[in-house]
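Subject: Structure handover

Hello,

My notes on it follow below.

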Amino acid sequence: MRLMTLAGNRVPESSLKLMHRVYKYILPEVNIELRKLRRLAEQIPDPELRTQALQSMESKKFHCQGGAIYAAMNLDERYVLIPLIVALQTISDYLDNLCDRSTSLNPDDFRLLHQSMLDAIDPSAPVQDYYALRQERNDGGYLHHLVKLCQHCVSMLPSYSAAQPYVAELVGLYSDLQVYKHIRKDLREERLLAWWDKYAGQYPGLCWNEFAAATGSTLGMFMLFTAASDETLRPEDAEAIKNIYFPHVCGLHIMLDYLIDQEEDRAGGDLNFCHYYESQHQLVERIVTIGNRAREDVKKLPSAGFHRLIIEGLLALYLSDPKVRTQSDVLAASRKLMKKSPLTRLFFLVNSIWIRRQQV
């Protein structure tokens with residue numbers, strides 16, 4: 001695989017080099033992009049759409065910050081990659097808020113909303129009336145702006161044509177998940193299982209809930225954007241990247257997210273993919289297995305050290321969350337996942353200190 005030969009040894013594979021790039025370049029420029037989008041969101045005429053747009057940016061800012069770390073692989077192209085990643089992640093978070101707190105339970109409404117993500121990664125797609133099937137419709141052009149911004153950015157990536165089919169595949173799976181998980185509670189498991197039946201043969205090592213979790217991650221999309229910033233990317237390289245990131249890296253990402261939210265999701269009656277195991281012991285063992293598979297998978301990539309940092313950073317980010325301390329099963333997973341990785345323990349310590357400082 002010739003991936004990222006243009007960037008060559010500029011890809012950071014040590015924690016210090018990556019952290020330097022993240023704090024010097026990535027996070028400040030993510031903040032600039034988010035400020036621009038916030039100003040637009042503040043002008044949304046419909047009060048409900050405005051509320052959800054602003055709340056999604058306030059509560060899920062770290063999604064954009066984490067996703068934009070991929071731009072550290074190719075700093076020369078960060079002026080394309082950071083706006084692209086922030087815009088697509090903002091669409092994702094905004095639509096998730098709209099569906100979670102929806103005045104509608106119409107799957108066609110959810111499908112049309114998420115058509116905006118599919119259009120956003122297709123530079124030739126016309127924008128549509130994505131709110132046509134819901135009561136709240138006047139966003140002052142906010143969602144159209146996000147879609148067009150993504151389209152502009154992907155059109156500037158020199159090898160996007162090689163990556164686009166695999167980006168579209170991941171976005172399509174993501175959209176399917178958002179439709180099925182937000183419909184009526186008495187229908188969602190039936191629809192999710194019927195959906196899984198279409199893919200079970202391709203992923204014999206996964207349970208249905210693990211596959212569904214993996215489809216909820218945007219990391220594979222962002223890695224493919226970054227790969228497409230290298231003019232030497234070939235279609236077979238893009239396919240290999242998709243297969244390496246999905247399902248295990250993507251699955252680890254979202255299973256960790258659900259792992260720490262178990263208590264609040266149980267209290268709120270929300271769907272949580274960690275609730276489908278026979279025991280907490282089995283849950284912990286499955287997440288450890290997925291984490292270990294993700295670590296092995298990324299060894300196949302050039303600049304494998306960078307991708308290892310991504311995985312260890314994910315583990316540290318979620319396992320240092322204050323919610324972990326109240327859940328004994330999560331603490332058990334934490335110990336097992338960090339046992340063989342001094343790097344994760346280092347990131348865990350740094351992130352724990354940062355969290356405490358934010359709470360002062």
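First, the ground rules. This is a predicted model, where local features need pLDDT of at least 70, side-chain atom pairs count only at pLDDT 80 or more, and totals for chains, interfaces and linings use all residues. Residues are numbered from 1 along each chain as its sequence is written, and side-chain values use heavy atoms, with hydrogens and water left out.

Confidence
pLDDT is the predictor's confidence in each residue, from 0 to 100. The chain averages 88, and 87% of the residues score at least 70. Residues 5–9 have a pLDDT below 50; that stretch has five contacts in the model beyond near neighbours in sequence. Residues 348–360 also fall below 50, with 14 contacts beyond near neighbours in sequence. Contact means heavy atoms within 4.5 Å.

Aromatic pairs
The structure holds 16 aromatic pairs. Rings of Phe, Tyr and Trp (its six-membered ring) pair if their centres lie within 6.5 Å; planes under 30 degrees apart count as stacked, over 60 as edge-to-face and the rest as tilted. Y203 and F246 have ring centres 5.5 Å apart and planes at 80°, so this pair is edge-to-face. The pair links distant parts of the chain: Y203 sits in the loop between α8 (185–197) and α9 (208–215), F246 in helix α11 (residues 235–260), 43 residues apart. Helices here are DSSP runs (H or I, at least four residues), as are strands (E, at least two), numbered from the N terminus.

Y203 is buried, with a relative accessible area of 12%. F246 is buried as well, at 3%. The cut-offs: buried is under 20% relative accessible area, exposed over 50%, partly exposed in between (1.4 Å probe, protein chains only).

F246 also pairs with F211. Their ring centres are 6.0 Å apart and the planes stand at 85°, so this pair is edge-to-face. F211 lies in helix α9 and F246 in helix α11, so the pair ties together parts that are 35 residues apart in sequence. F211 is buried, and so is F246. Ring pairs link Y180, W195, W196, Y199, Y203, F211 and F246 into a cluster.

Y180 has a charge over its face: R111, at 5.9 Å from the ring centre. The test is NZ of Lys or CZ of Arg within 6 Å of the ring centre and within 35 degrees of the ring normal.

Helices
α11 has a kink of about 45° at F246, shortly before the proline P247. The bend at a residue is the angle between axes fitted to the seven residues ending there and the seven starting there. α11 has 26 residues and reaches 37 Å from its first C-alpha to its last, close to the 38 Å expected at 1.5 Å a residue. The expected span is 1.5 Å times one less than the number of residues. Of the 26 residues in α11, 20 are buried, so the helix is largely enclosed by the rest of the structure.

Helix α4 (residues 78–100) has 23 residues and reaches 32 Å, close to the expected 33 Å. α4 is mostly covered, with 21 of its 23 residues buried.

Two single residues
H182 is in helix α7 (residues 160–182). H182 is buried, at 7% relative accessible area. Leaving out residues up to four places away in sequence, H182 touches D96, C99, D100, L105 and F110.

P322 lies in the loop between α14 (304–319) and α15 (328–338). P322 is partly exposed, at 27%. The C-alpha atoms of P322 and I260 are separated by 9.1 Å, with the two residues 62 apart along the chain.

Best wishes
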